Amino acid sequence: MQQTTNSILMIRPINFRMNEQTAVNNYYQRVLDDLLPATVNVNAQKEFDDYVKKLESHGVHVIVISDIEGSDTPDAIFPNNWISFHENGTVALYPMFAENRRFERREDILDELEEKGFVIKNTIDYSSAEQDNVFLEGTGSLLLDRVNRKAYCALSPRADEDLFIEFCEDFEYTPVLFSANQTVNTKREAIYHTNVMMCLAETFAVICLASLDDKKERKNVLKHLKEDGKKVIEISEEQVNNFAGNMLQVRGANDELFLVMSKAAHDSLTQSQLAQIGNHCKIISSSLDTIEACGGGSARCMMAEVFLPRG
C-alpha cells in the first residue's frame with residue numbers, strides 16, 4: 001500500500017471559465033472582468049500545458065485526456081472531484097454539487113486507462129445520491145491516508161456525513177470528521193473542499209488548524225496525524241486563500257518524492273515552512289493564476305491519482 005503514485009490523470013481544458021454554479025459556495029472564485037472568455041480559456045490551457053511539462057520533466061507519468069469540445073464543462077480541469085482510483089482495482093464515481101459538473105463523468109476515460117494497461121476490476125458509483133441532493137466530491141472532499149486507512153473529511157454542502165461514512169465502510173477506512181471554516185464578509189462559512197485546507201503526504205501533513213473552530217475536532221485531527229507519525233506543518237487562513245493547502249505529493253523518476261503546488265501557494269509560504277517541507281521532499285511549483293482565480297481550485301484539484309494495478 002502506498003500513499004503516493006507516479007501516475008496522474010489530468011484533463012486538458014477546452015471550455016474553461018468561471019463556473020457560476022460552483023461559485024455559490026466556492027468563495028475562492030473571482031471574475032476576471034478584464035479578460036475575454038476566450039482569453040481566459042487560452043490562458044488556462046497555457047498554464048495547464050506548462051504544469052504538465054514541469055511534472056513530466058521530474059519523471060511524473062501524466063495521462064492527459066482532452067475535455068470534449070462543445071460540452072458545458074467549465075470545471076473539467078478538476079477531475080479529482082468525480083473519480084478516484086484504488087490499488088485493488090476499484091474505481092469510485094462521486095455525486096457532484098453543480099449540475100454542469102455531472103457531465104464530467106466519462107466512461108471513455110476508463111476505457112482509455114484500460115488501453116494504457118491499467119486494470120479496473122470494479123466500479124462503485126455513488127452518483128445516484130445526486131437525486132437526493134447529497135454530495136461527496138471525490139478526493140476534494142476526502143483526504144485519504146491510504147497506508148493507515150484513514151479518511152479525513154471536512155463537512156460542507158459538498159461533503160455529506162452519511163455518504164462519507166458509507167464510503168469509509170465500502171473502502172475500509174476509519175473516518176476522521178470535522179468542520180473547516182473560512183471568514184467570508186465577517187461570517188464563518190464552510191470551506192467547500194477538505195483538500196483546500198489540508199494536504200496529506202507520506203511523512204507529513206500541511207493543515208490550516210485555524211479553520212477548525214471546534215477545539216475538540218482540532219485535537220482529534222492532530223491526534224490521528226501524530227499517532228501515524230505525520231509531522232504537522234501549520235498554514236494560516238491567508239495562506240489557504242493562496243491555495244497553500246491545495247498540494248499533492250507525487251512520485252517522480254526513481255521514486256523520488258515531490259510536493260506539487262502552485263506558484264501562488266509557494267510564494268505565500270514562509271522560509272521556515274519551505275524548509276520544513278524540504279526536510280521531507282522537493283517542491284514542484286507552477287503558475288496557475290488564471291485557473292485559481294476563475295476555477296477556485298489549484299494544483300491538487302487538477303490531479304487525479306491513478307493507483308490502479310497494471311495488467
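Mentor: Let us begin with a single residue. At 11% relative accessibility, Glu130 counts as buried. Please keep in mind throughout that this is a predicted model.

Trainee: Why does a value of 11% place Glu130 among the buried residues?

Mentor: The label follows from a cut-off: a residue is buried when its relative accessible area is under 20%. Glu130 has 11%, and therefore it counts as buried.

Trainee: With which residue does the side chain of Glu130 meet in a salt bridge?

Mentor: The general idea is that side chains of opposite charge can pair when their charged atoms come close. Here the partner of Glu130 is Arg102, and the distance from N to O is 3.7 Å. Arg102 lies in the loop between strand E4 (90-93) and helix H2 (107-115), while Glu130 lies in the loop between strand E5 (122-125) and helix H3 (138-141), so the pair ties together parts that are 28 residues apart in sequence.

Trainee: How many salt bridges does the structure contain?

Mentor: The count comes to 19 salt bridges. One of them joins the side chains of Arg101 and Glu104, at 2.7 Å from N to O. Arg101 is buried at 2% relative accessibility, and Glu104 is buried as well, with a relative accessible area of 4%.

Trainee: Which parts of the chain does the salt bridge between Asp228 and Lys150 tie together?

Mentor: The side chains of Asp228 and Lys150 meet at 2.9 Å, N to O. Asp228 is in the loop between helix H6 (215-227) and strand E13 (231-234), and Lys150 is in strand E7 (residues 150-155), so the pair ties together parts that are 78 residues apart in sequence. Lys150 counts as buried, at 7% relative accessibility. Through shared partners, salt bridges join Lys150, Lys223, Glu227 and Asp228 into one network.

Trainee: Which residues form the negative surface patch?

Mentor: The negative surface patch is formed by Glu161, Asp162, Glu166, Glu169 and Asp170. Glu161 is in helix H4 (residues 161-171) and is partly exposed, with a relative accessible area of 39%. Asp162 is also found in helix H4, and at 60% relative accessibility Asp162 counts as exposed.

Trainee: How far apart in space are Asp162 and Val184?

Mentor: Asp162 and Val184 are 22 residues apart in sequence, and their C-alpha atoms are 27 Å apart. Consider next Lys216 and Phe178, which are 38 residues apart in sequence and 9.4 Å apart in space, C-alpha to C-alpha. Lys216 is in helix H6 and counts as exposed, at 71% relative accessibility.

Trainee: Is Gly89 buried or exposed, and which residues does Gly89 touch?

Mentor: Gly89 is buried, with a relative accessible area of 0%, and lies in the loop between E3 and E4. When residues up to four places away in sequence are not counted, Gly89 touches Val119, Ile120, Lys121, Asn122, Leu308 and Pro309. A C-alpha distance of 25 Å separates Gly89 from Met247, which is 158 residues away along the chain.

Trainee: Where is Asn80, and with which residues is Asn80 in contact?

Mentor: Asn80 has its place in the loop between strand E2 (61-66) and strand E3 (83-85). Asn80 is buried, with a relative accessible area of 0%. Apart from neighbours within four places in sequence, the contacts of Asn80 are Glu137, Gly138, Thr139, Gly140, Asn195, Arg300, Cys301, Met303 and Ala304.

Trainee: What is the phi of Asn133, and what is the phi of Glu172?

Mentor: Asn133 has a positive phi, near 55 degrees. Asn133 is found in the loop between E5 and H3 and counts as exposed, at 59% relative accessibility. Glu172 is not a glycine either, and its phi is positive, at about 60 degrees. Glu172 has its place in the loop between H4 and strand E8 (174-179), where Glu172 is exposed, with a relative accessible area of 63%.

Note on methods:
Residues numbered from 1 in each chain as written. Predicted model: local features only at pLDDT ≥ 70, side-chain atom pairs only at ≥ 80, totals over all residues. Heavy atoms only, no water. Helix = DSSP H or I, 4+ residues; strand = E, 2+ residues; numbered from the N terminus. Buried < 20%, exposed > 50% of the residue type's maximum accessible area, 1.4 Å probe, protein only. Contact = heavy atoms within 4.5 Å. Patch = residues over 30% accessible without salt bridge, like charges linked within 9 Å, V, L, I, M, F, W, Y side chains within 5 Å. Areas by Shrake-Rupley, 256 points an atom, 1.4 Å probe, with all protein chains shown as cover. Salt bridge = Lys/Arg side-chain N within 4 Å of Asp/Glu carboxyl O. Lys, Arg positive; Asp, Glu negative; His and termini not counted. Charge placed at Lys NZ, Arg CZ, Asp CG, Glu CD.
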